[in-house]
Structure formats: structure tokens, C-alpha cells
Amino acid sequence: MAIQSPLSDTAVMPTYGRADLSFVRGEGSWLYTADDTAYLDCATGIAVNLFGHNHPRLVQALHSQAALLWHTSNLYRIPEQERLAERLAAHAGLDHVFFCNSGAEANEAAVKMARRFQNRQSGEQRYKIICAGGSFHGRTLAMLAATDKPLFRDGFGPMPEGFEHVPFGNLNSLRDALSDEVAAIMVEPVQGEGGANAAPKGYLEGVRKAADEFGCLVIADEVQSGMGRTGHLFAYQATDIQPDLVVLAKGLGGGFPVGAVIARRDIGEAMGPGSHGSTFGGNPLAMAVANAVLDGLEEDGFLQTVQARIDRLDQHLHELAAAYPDKIVEVRGSGLLRGLRLADNLAVGDVTAALRERHLLCVPAAENVLRLLPPLTISETELATARSALEACFSEQKTA
């Protein structure tokens, strides 16, 4: 189960460091190889498979829509798109929704919306986007500029201008960076790739206050943290702030590619016909599945059951950290987007591989963090299974 060399023996472009492991089917929280070996999936396609695998509600929605109509483009009205837009906008306390295919595409659209709105309101000098240290917003050229990962930009320059980074969680640095050239502040309420970093208490409120003082917008990147993963439909809803734009993807389609930007009415109205587009965005297949995902999240008591799972995972992780203080430095994150920051002499890649050997799938993140992103439907028994695998792994790991 070694990580393949970038020069692998397949014709697939070597842009990923893949484990030598493949799956042929999934069911609930489990993935199965061709020889029917089961793996507990606490990676969920990097926070995508919100309800695990092969969920009957989503399968039914996709099958039913596939038998009727797959794609029309946005040349025509798409009733299920309008229905989902109304539902998402109501939940976010906003007004307009643009649909696309991915988180990077959605974040890029949000930046365009912020610039277009500010251009119409204040002129073309107000274009800068302030981003946070450790952020990840995607891999298009503009989103590489927004992302605070210099390694990801290596060899792809020059980068689009107009993006500036300030330390995550530091309101003083943020305020020092604000001026009448800033169009928006772009922030993840919980950083995923950056190492499962939850915004410090009071930080998002401070971002909102500073944005209001300087006349700039707040873009909440909820690509990884949204759709119930923190126990709230959107992570920012744990605070009392109201973003101007909310960006979604990953869990929105539960495994079907779909992204969305939810915007304030006047921001949406600044985007007239022809100002932006996405050929596949919001097509009938994607909308059928995303509406089914939202149906599940809206069921009475569902988010309360998610909170119970969050509490149990939190208990397991803190007990492990207490048992292995020489190997686990910190328990991070929020909800079911959690991370264990490992001691410097314990490489997260090695631990991730060792957990695969124990049939538990996790995801490495920045700052030597082991990320756990279980499905929202994971059971108490499965959480206990994950803990057992983690405990066995840490008991065997030798620090350098």
C-alpha cells in the first residue's frame, strides 16, 4: 500500500501521490476492495461523501433524474435549480445562488462577484482580496493566488495580482491590511487543508466588524466546513455573523460534483447576463442529488444526531491525546472536521499509511495534522472502531 511514484505505470497524469489501493464499491461508512476487504472511511473523498457511500436517498434521486433528463445547459430554466437556490438562500439568510461544479470554481466566482459589486459601487480601485495564512481555496490560477501555499504555486507564475495574506486569527494584522482598495475578506470558518484550524472565538465577529468599517465584503469559504459538518448547516452559523457571500461544494452533492455561491441580493444583481457562467453548473442531475442531500440535512433531529457523533468523536480524540502526549500534540478542528497535530518527530504521511494498513482511511493536512472527516452518518460503533485503529497505530508508532 505504498504511495506510488509520480512516474506511475498508468496513463493518468501524475498530479497526485496515490496510495496503491482501489475500491470497487461502498456502503455507508465503508469502502470495499475487489477482494471484499472493508476499509472504514474517515476521509469521505475529502469531506465529500456526506452520508457515506451508496446512500439510498441519493441513489434514488440520481436514478430518477437520470431516467428523465441529464442536461440542458443554463439556456433554459431548470426548476430543480430554482428550488435548491431558494432553499440554500433561505438557510443562509441571503438571496441569490450561482451554481457551478467545484469549490475552486465557486471561490473564483465569489471573487468575481465581490470585485464586480465593488467596481459598480466604488470604482475599479477597490479590487484586493484579503485572505488568511494557511488558507486553501482551490487550484485555479486565481485561487492559487488566494491560497497560502507557496509550494502549490511553484512553476505556475506569474500569479494574478490583488490577493494578500494575513495571519489566520489575528485581527490586528487584518485591520492593518484593510484600505479603500480592499473588495473583500475571504475566510474559511474552519481551515481544512491548512490543518483543521477552527477560527478562534470572536475572530469571525471581528472580521465582520472590520469589513463593515472599511466597506468591504465577507466571503465565507464553506467548501469543506459547510453542509452540516460542524453540526450547523454552515459553520459560520455557530456565530452571529452574516457573510455577504457563502461558498459551498464538497458535501453539497454528497459525491456528485456541484458547487455554489450564495450572495446578497445587490451583489447578485451586479452580475448581469453574460458576466459569468458554467456549462454544467446546476444541471438537472446535480440539482436532483443536491436537493436530496438538503432533504436529509433538514430532517427533524438529523443535525442533533450529528452533534451527538461530534461529541463522541471529540471524547475519543481527547482521550487518545491524553494517552499519547508524546505523539499527539493537539486536537484541532470543529465538528466532524477534526485533526490530530502530531509531534514533529512523527510524520503524518507515515501515520496515514499505517492507518490504511489497519483499514482506517484518514487524510493528511498541513502542519503535520492527521485529518478525520467521517460521514455525518457514522455510527457509535464505527467511531469506536476508528478509535481502536488509531490507538493501535499510536501504540506501535516509534518517534524518531
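A term before anything else: buried means under 20% relative accessible area, exposed over 50%, and partly exposed in between. Keep in mind that this is a predicted model.

By that rule Arg-57 is partly exposed, because its relative accessible area is 27%. Its partner in a salt bridge is Glu-299, at 2.4 Å from N to O. The two sit 242 residues apart: Arg-57 in helix H2, Glu-299 in the loop between helix H9 and helix H10. Glu-299 is partly exposed too, at 42%.

Next pair. Asp-244 and Arg-208 form a salt bridge, with the closest N and O atoms 3.0 Å apart. Asp-244 lies in the loop between strands S10 and S11 and Arg-208 in helix H7, so the bridge ties together parts 36 residues apart in sequence. Buried or exposed, Asp-244? Buried, at 4% relative accessibility. Arg-208 counts as buried as well, at 12%. Both belong to a salt-bridge network that also links Asp-212, Arg-264 and Asp-266.

Now Arg-87, in helix H3. Arg-87 is buried, at 12%. Its side chain makes a polar contact of 2.7 Å with that of Glu-298. Arg-87 also touches Asn-291, Leu-294 and Asp-295. Asn-291 is 204 residues away along the chain, yet the C-alpha atoms are separated by 8.7 Å.

Methods. Residues numbered from 1 in each chain as written. Predicted model: local features only at pLDDT ≥ 70, side-chain atom pairs only at ≥ 80, totals over all residues. Heavy atoms only, no water. Helix = DSSP H or I, 4+ residues; strand = E, 2+ residues; numbered from the N terminus. Buried < 20%, exposed > 50% of the residue type's maximum accessible area, 1.4 Å probe, protein only. Contact = heavy atoms within 4.5 Å. Polar contact = N/O pair within 3.5 Å; in protein donor to acceptor, adjacent residues only side chain to side chain. Salt bridge = Lys/Arg side-chain N within 4 Å of Asp/Glu carboxyl O. Lists of a residue's contacts leave out its neighbours within four places in sequence.
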